[in-house]
Amino acid sequence: MDVSRRIVLHFPPTVTGQPVVYRLAKDFDLSFNILKASVSPGEEGLLVMELSGEQENYDKGIQYLTETGVKIQSLSQDVVRDEVRCTHCGACVNLCPTFAFSLEPKTRKVIFDHSKCVICGLCVKACPPRAMRLYF
Amino acid sequence: MSKTIAEINEKIKRGKAVVVTAEEVIDVAREKGSRQAAEEIDVVTTGTFSPMCSSGVFLNIGHSKPRIKLGGGKVYLNDIPVYTGLAAVDVFLGATALPEDDPRNKFYPGEFNYGGGHVIEELVAGKDIKLEVTAYGTDCYPRKKLETWITLQDINNAILFNVRNAYQNYEIGVNLSDRTIYTYMGVLKPNLGNANYCTSGQLSPLLNDPYYKVIGIGTKVFLGGGIGYVAWHGTQHNPNVLRTDKGMPKEPAGTLALIGDLKQMKPGWLVGTSMLGYGCTLTVGIGIPIPILSEEVLRYTMVSDADIFAPVIDYSEAYPQMKPDILGEVSYAELKSGHIKVQGKDVPTASLSSYPKAVEIANILKDWIKRGEFLLTEPVAPLPGAESGITFKPLKERPIEEQ
């Protein structure tokens with residue numbers, strides 16, 4: 001069974017020098033999509049990513065991360081579209097830095113690809129009917 | 001070939017009217033030829049769903065016991081100030097009104113999360129609205145304070161009266177400066193980072209009747225999910241602009257003043273709207289039926305996005321400084337491709353006007369007419385055309401000398 005979760009990794013300074021994410025992919029066959037990263041050698045690092053793979057591998061990967069000293073949290077923020085409030089005007093389409101919004105060519109309805117969202121929050125305030133919500 | 005509105009109405013009553021949307025008519029008429037299409041089609045329905053700031057509601061809230069005179073006093077609906085310069089219990093709630101304590105752009109860019117447009121949306125949704133009044137008191141209206149909840153259902157009248165809606169064409173906003181700007185045309189990224197436009201193009205009401213041959217004062221329309229009427233030409237109505245060979249204005253031109261009973265309007269078609277760094281407004285859903293009285297009227301409804309051109313304006317300098325410079329003209333077909341070329345640069349486009357909602361409105365109006373629920377009206381007077389001499393003037397400032 002496949003799982004896909006968004007997690008926040010806190011790296012203690014001792015771990016930031018190690019190729020942790022590389023090993024997640026190589027040893028545990030997990031795919032990752034980095035949403036936000038702030039990792040410098042010798043300092044505490046932060047990595048927000050979506051981690052996907054088979055449940056068994058996912059669990060082993062998480063265990064590996066814990067053993068190396070990485071602190072794991074589930075993602076505490078999320079951007080969600082209120083489908084009732086969205087008027088499909090399209091004002092968000094060219095503002096999103098990661099192109100999470102696109103237009104359905106035939107109907108010109110706005111498609112929100114949640115997996116591309118890096119939760120920067122830019123669309124939240126720029127959405128005229130305030131249909132994009134940031135949850136904590 | 002010519003038809004009258006009375007003849008079309010007879011067909012509507014019998015459930016026999018042929019109705020297509022302004023999007024559908026393009027292919028139908030190209031296939032059949034405009035002559036045959038004009039004979040077969042009775043009504044073409046248009047639609048638009050955009051922020052329209054010159055919108056608002058006249059409310060008569062009813063007389064309290066003892067009586068209170070709102071006129072000349074201070075009145076708030078959900079903390080939004082309303083205009084009280086009217087009779088005792090009439091007020092006007094404008095779409096762009098803000099709470100007194102809204103920080104505006106003090107914390108730039110201001111968020112403008114709640115304003116007059118949002119109160120209008122909540123009224124239509126049937127929600128409780130907090131009314132707060134302070135009045136000066138008179139012999140016949142002695143009360144000085146009033147705080148109560150009101151709903152749309154309980155008050156006497158709520159008349160949506162928008163003095164400028166349904167702009168015939170509109171500018172495309174871009175930003176030539178090196179910082180992000182926050183405008184009524186949306187967030188414009190620096191150095192031509194994006195381009196925003198704001199009409200429904202080929203579905204837009206007045207672009208399907210460019211010379212106001214059938215839309216006039218008294219025309220019955222879809223307004224905010226209910227019925228409304230064209231009350232007058234809108235403010236800034238400017239018929240005398242440059243046009244293409246097909247009569248399409250190449251810049252903002254005609255406008256409509258619309259009126260309707262808010263009590264029969266529907267949630268979802270009047271939406272409180274926030275423009276980051278600019279203010280609050282109301283997004284209004286409008287649909288106007290075009291009776292196909294002649295082949296000429298039909299030919300105008302065949303307008304497609306490729307025939308509509310709009311000017312590209314720099315909102316960092318040319319717009320605020322009232323400079324006439326335009327950076328070029330592009331068609332709606334180009335705008336809808338997702339990119340336009342401005343000064344040689346490929347600029348991604350976005351719309352502030354919802355095309356899917358415009359399509360939905362045109363289809364709702366089509367259904368109403370097909371089901372015989374919506375009859376057309378004969379205009380009682382035409383909208384002013386180019387011959388009227390109406391122009392759109394800038395403000396002429398004159399110094400005020402101290403006495």
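Helices, as counted here, are DSSP runs of H or I with at least four residues, and strands are runs of E with at least two. On that basis chain A of this predicted model comprises 3 helices and 8 strands. Their order along the sequence is β-α-β-β-α-β-β-β-β-α-β. The C-alpha atoms of chain A occupy a box of roughly 50 × 35 × 20 Å along the principal axes. Of the 136 residues in chain A, 44% are classed as buried. When contacts in chain A between residues at least 6 apart in sequence are considered, 66% join residues at least 24 apart.

A salt bridge within chain A joins Asp82(A) to Arg133(A), with the closest N and O atoms 3.5 Å apart. This pair links distant parts of the chain, since Asp82(A) is placed in the loop between β5 (78-81) and β6 (101-103) and Arg133(A) in strand β8 (residues 132-135), 51 residues apart. Arg133(A) counts as partly exposed because its relative accessibility is 31%.

The interface between the two chains was examined next. Chain B contributes 28 residues to the contact and chain A contributes 17 residues. The area buried between chain B and chain A is about 1700 Å², and carbon and sulfur atoms give 54% of it. Across this interface, 13 residue pairs are found in polar contact, both members being at pLDDT 80 or more. On the side of chain B that touches chain A, the elements giving two or more residues are β14 (195-197), β19 (270-275), β25 (345-351) and α7 (355-370). The largest share of that side, 5 residues, is supplied by β19(B). Classified by residue type, the side of chain B that touches chain A holds 13 nonpolar, 10 polar and 5 charged residues.

Side chains of opposite charge can pair when their charged atoms come close. Between chain B and chain A the count is 2 salt bridges, whereas the search over all chains returns 21. In one salt bridge, Glu121(B) is joined to Arg85(A), with a separation of 2.7 Å between the closest N and O atoms. In another, the side chains of Glu111(B) and Lys125(A) meet at 3.3 Å, N to O. This pair crosses between chains, from Glu111(B) in the loop between β7 (90-94) and α4 of chain B to Lys125(A) in helix α3 (residues 122-126) of chain A. Glu111(B) is partly exposed, with a relative accessible area of 31%, and Lys125(A) is likewise partly exposed, at 40%.

β14(B) and β25(B) pair in the parallel sense over 3 bridges, and Tyr197(B) has Ser351(B) as its bridge partner in β25(B). Strand β24 (residues 339-342) pairs with β25(B) in the antiparallel sense over 4 bridges, with His339(B) opposite Pro348(B). β24(B) and β25(B) form a hairpin with 2 residues between them, and Gln343(B) in the turn has a positive phi of about 50°.

A further strand, β16 (residues 220-223) of chain B, is covered on both faces: Lys220(B) and Phe222(B) are buried on one side, and Val221(B) and Leu223(B) on the other. β16(B) pairs in the antiparallel sense with strand β17 (residues 226-233) over 4 bridges and, also in the antiparallel sense, with strand β20 (residues 279-287) over 2 bridges. Phe222(B) has a bridge partner in each of these strands, namely Ile227(B) in β17(B) and Gly287(B) in β20(B). The hairpin of β16(B) and β17(B) has 2 residues between the strands, and Gly224(B) there takes a positive phi near 55°.

Thr301(B), in helix α5 (residues 295-301), counts as buried because its relative accessibility is 0%. Beyond neighbours within four places in sequence, Thr301(B) is in contact with Ala22(B), Val25(B), Val44(B), Asn208(B), Ile290(B) and Ile292(B). A salt bridge links Lys11(B) with Asp42(B), the closest N and O atoms being 3.1 Å apart. Lys11(B) lies in helix α1 (residues 5-13) and Asp42(B) in the loop between α3 (34-40) and β2 (43-45), 31 residues apart. Lys11(B) is partly exposed, with a relative accessible area of 25%, whereas Asp42(B) is buried, at 0% relative accessibility. Together with Lys3(B), these two residues, Lys11(B) and Asp42(B), are linked in a network of salt bridges.

Key:
Residues are numbered from 1 along each chain as its sequence is written. Chains are lettered from A and ligands numbered from 1 in the order in which they are written. This is a predicted model: local features need pLDDT of at least 70, side-chain atom pairs count only at pLDDT 80 or more; totals for chains, interfaces and linings use all residues. Side-chain values use heavy atoms; hydrogens and water are left out. Contact means heavy atoms within 4.5 Å. Buried area is the accessible area (1.4 Å probe) that two parts lose on being put together, summed over both. A salt bridge is a side-chain nitrogen of Lys or Arg within 4 Å of a carboxyl oxygen of Asp or Glu. A polar contact is a pair of N or O atoms within 3.5 Å; within protein, one must be able to donate a hydrogen and the other to accept it, and residues adjacent in sequence count only if both atoms are side-chain atoms. Ala, Val, Leu, Ile, Met, Phe, Trp, Tyr, Cys and Pro count as nonpolar, Asp, Glu, Lys and Arg as charged, and the others, Gly among them, as polar. Buried means under 20% relative accessible area, exposed over 50%, partly exposed in between (1.4 Å probe, protein chains only). Two strands pair if DSSP finds at least two bridges between them.
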